[in-house]
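Here is a short briefing on one structure. Look it over first, then read the notes by topic.

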Amino acid sequence: MGIFTCADLANLFPNRYIDRSRFYKIAELNDNALEVQLVGRITSVQTVAQKRGSRLVAQFADETGIMELVWFRGTKWIQDALKMNTPYVIFGRVNRFKGKFSMPHPDMELLAEFKKSLRGSLQPVYPSTEKLSNKGITNRVVQKLMVQLFQETNGRFKETLSPGFRKQFGLVTKDEAMFNIHFPKNQELLKSARFRLKFEELFFIQLQLVVKKRTRELKIKGYVFEKVGDNFNSFYNEFLPFELTGAQKKVLKEIRKDFSTGAQMNRLLQGDVGSGKTIVAVLAMLLAMDNGFQSALIAPTEILANQHFLAVEELLGKMDVKVRLLTGSTTASQRKVIHKELEEGSLDILIGTHALFEDKVKFNNLGFAIIDEQHRFGVAQRAKMWKKNVLPPHILVMTATPIPRTLAMSVYGDLDISVIDELPPGRKEIRTVHKFDQNRLSVFRFLREEIAKGRQVYIVYPLIQESEQLDYKDLMDGYESISREFPLPDYRISIVHGKMKAADKDFEMQRFVKGETQILVATTVIEVGVNVPNASVMVIESAERFGLSQLHQLRGRVGRGADQSYCILLSSQKLTSDAKTRLRTMVETSDGFRIAEVDLKLRGPGDLMGTQQSGVLQMKIADIVKDRGILELARKAAFEVASAEGGSANAAYSEIWDSYQMISRNKSLWSKIS
Ligand code: ADP
Ligand code: MG
């Protein structure tokens, strides 16, 4: 469990507490008293043979009656250890068996020892594993170790928070907190211990992030783009195809400000699918160009890179800007031209896939790199972009996965975050419905009507790694039944899935993009960014098996044209309560941030895309969903401490900075965050 030292053990916090303030008498037992504590003596023990092996049964008596204690495992060892006619405190679940009360595998302690222990009436239950308990490291054993630890160390811990700071935020001392988290005498003390420890944990994470952010702002020099020149202005005034939304203007302003500070920009741009991130990227690239710099735009797949290229070409077609596309399919001779233009500086904007990260790709003067859909790229890859010029280029990471504020604060707390939280005007809300499988025929009827109007349809099947074979079969069965329902020559169908070769996938995809097929049957490969404005219906099969963010991303594939779009969630009738919540949320809202919040609540932070590796969320006691208020407070405190005069030499915060040093020395994970 990652426990190697006494400090590790002391920091193993209970996940719950059992209230043991009450003692029962045997005569008081009833069917509602589930977990009870009693004092009594063992009067006799016997081994009873059963089908396999044997069980150990002890008669346990107090002054009001007799009950049974039963063991099914470890019986020999237990029989030897039991003391007859000696007072024990026992605790556990009771059942009534043939009219008699019995307690299987009770938690037992001699009354004499019980009286000596440090424990209050709230008994800690420590996190454990089945393997550990089977090897005899039970909760009782951990409790005993903890008592011993506190006795041997006198319960003294290094204080990590300065006195004035503790006072300001109402935090008890480290010693008090540590004692009361393990041996709380009452709920009040437990509460203040928990608050202190959660605050401390969140605070040091925030302090790391805030310091990192400040250091970057102060130390990592970046190019200054001070000019707003001809390219930006003529595009803005003559070729902008629509008025920018308020949110787009706001984000552009934030980027322009970053360009002018002399520090390297490291900005995350969040905007729901269809919120219009592309135009912001294009305008920012024109600014780079006005200042004599080249830009790169990198997408996770070839299809996406292609689409970006087409979109940018269309926007900039009438301007004197040279844009090229570089992907895995670019031929050697095309590559040669691109490399040459890049190096001599005549190429202004290079769009492509991870092919751009290669060392062979050398820029004359790269000043700005945009990375779309960030979670598909590793940190190491992104770091490669840094080395492509003397100073690192400004970096803008664009993502369509909305990240709830609390999570963003914890995981990306050292990045600057921009949000496009407003859709372009005139968008029609996508109508979302949930249907059970047996209504499939009426769904098909509806699809025929839409196709008759000239629309195109997506039908998506789940593909989950663990059950890949089964899913694949589902997909193929589905494809067959769709082919029967929508026969040639009236209907043409594309199919795209993970087992296909990239070239075949592209070919099928392109047929749909060009409108040659009306239906695209696919697994989730279409999740990211594909833009087919004429597709107006998204059918999601076995929708109960998809996560919320995936459902939301999939729905974002439609609603891109002028027509009313639909999303149909098909599911079986057997739904877990989480699945019901997910489907209901999809029907109720299309706000990506609201959906992300629900997702975070349902799944907890550990599971969310891209956060597993960060390590930031492997917290001992705090929980960014439940402790949101403490998180906000801790972040505020971190800013206060980090910006206090004198920095880490500020005497009022010396304990904090000492601890900070210790933590930074012990952890490498922080370097991986951004
Ligand atoms: P995403 O954020 O998903 O990348 P896009 O940049 O592809 O979104 O924009 C989605 C669509 O919205 C595009 O067709 C784009 O031309 C259009 N669009 C973007 N901004 C505006 C706006 N301010 N007014 C009208 N349409 C816009
Ligand atoms: Mg996009």
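Sixteen is the count of the shell: of the 16 residues around ligand 1, Glu-243, Gly-274, Lys-277, Thr-278 and Arg-427 come nearest. Near here means that a heavy atom of the residue lies within 4 Å of the molecule or strand. The model is predicted: local features need pLDDT of at least 70, side-chain atom pairs count only at pLDDT 80 or more, and totals for chains, interfaces and linings use all residues. Residues are numbered from 1 along each chain as its sequence is written, chains are lettered from A and ligands numbered from 1 in the order in which they are written, and side-chain values use heavy atoms, with hydrogens and water left out.

**Ligand 1**

- A polar backbone atom of Gly-274 sits 2.6 Å from an oxygen atom of ligand 1.
- A nitrogen atom of ligand 1 lies 2.9 Å from a polar backbone atom of Glu-243.
- For Ser-275, a polar backbone atom is 3.5 Å from an oxygen atom of ligand 1.
- Ligand 1 taken alone exposes 560 Å², and the protein buries 75% of that.
- Accessible areas come from the Shrake-Rupley method with a 1.4 Å probe; for residues, only the protein chains shown count as cover.
- The shell around ligand 1 holds five nonpolar, six polar and five charged residues.
- In that division, Ala, Val, Leu, Ile, Met, Phe, Trp, Tyr, Cys and Pro count as nonpolar, Asp, Glu, Lys and Arg as charged, and the others, Gly among them, as polar.

**Overall layout**

- The chain has 23 helices and 22 strands. These are DSSP runs numbered from the N terminus: helices are H or I with at least four residues, strands are E with at least two.
- Along its principal axes, the C-alpha trace spans about 95 × 70 × 45 Å.
- Of the 674 residues in the chain, 50% are buried. Buried means under 20% relative accessible area, exposed over 50%, and partly exposed in between (1.4 Å probe, protein chains only).
- The domain assignment gives domain 1 (21–119), domain 2 (230–401) and domain 3 (431–589). Such bounds come from an automatic or database assignment.
- The centres of domain 2 and domain 3, taken over C-alpha atoms, are 31 Å apart.

**Strands with two covered faces**

- Strand 19 (residues 493–496) points Ile-493 and Ile-495 one way and Ser-494 and Val-496 the other way, and all are buried.
- Strand 19 runs parallel to strand 20 (residues 519–522), with four bridges between them. Strands pair if DSSP finds at least two bridges between them.
- Val-521 in strand 20 is the bridge partner of Ile-495.
- In strand 9 (residues 122–125), Leu-122 and Pro-124 on one side and Gln-123 and Val-125 on the other are all buried.
- Strand 1 (residues 16–19) runs antiparallel to strand 9, again with four bridges. Asp-19 stands opposite Leu-122.

**Backbone exceptions**

- Most residues other than glycine have a negative phi, and most peptide bonds are trans.
- Leu-488 and Pro-489 are joined by a cis peptide bond, with omega about 0°. Pro-489 lies in the loop between helix 17 (468–485) and strand 19.
- Asn-85 has a positive phi, near 50°. Its loop runs between helix 2 (75–81) and strand 5 (88–93). Asn-85 counts as partly exposed because its relative accessibility is 47%.
- His-105 also has a positive phi, about 40°. This residue lies in the loop between strand 7 (100–104) and strand 8 (107–110). With a relative accessible area of 30%, His-105 is partly exposed.

**Individual residues**

- Lys-174 lies in helix 7 (residues 174–182). Its relative accessibility is 10%, so Lys-174 counts as buried.
- The side chains of Lys-174 and Glu-200 make a polar contact of 2.9 Å. A polar contact is a pair of N or O atoms within 3.5 Å; within protein, one must be able to donate a hydrogen and the other to accept it, and residues adjacent in sequence count only if both atoms are side-chain atoms.
- Gly-556 sits in the loop between helix 19 (548–555) and strand 22 (566–571). Gly-556 is buried, with a relative accessible area of 10%.
- Gly-556 and Asn-531 are 25 residues apart in sequence and 9.5 Å apart in space, C-alpha to C-alpha.
- Ala-649 is in the loop between helix 22 (628–642) and helix 23 (654–666). At 65% relative accessibility, Ala-649 is exposed.
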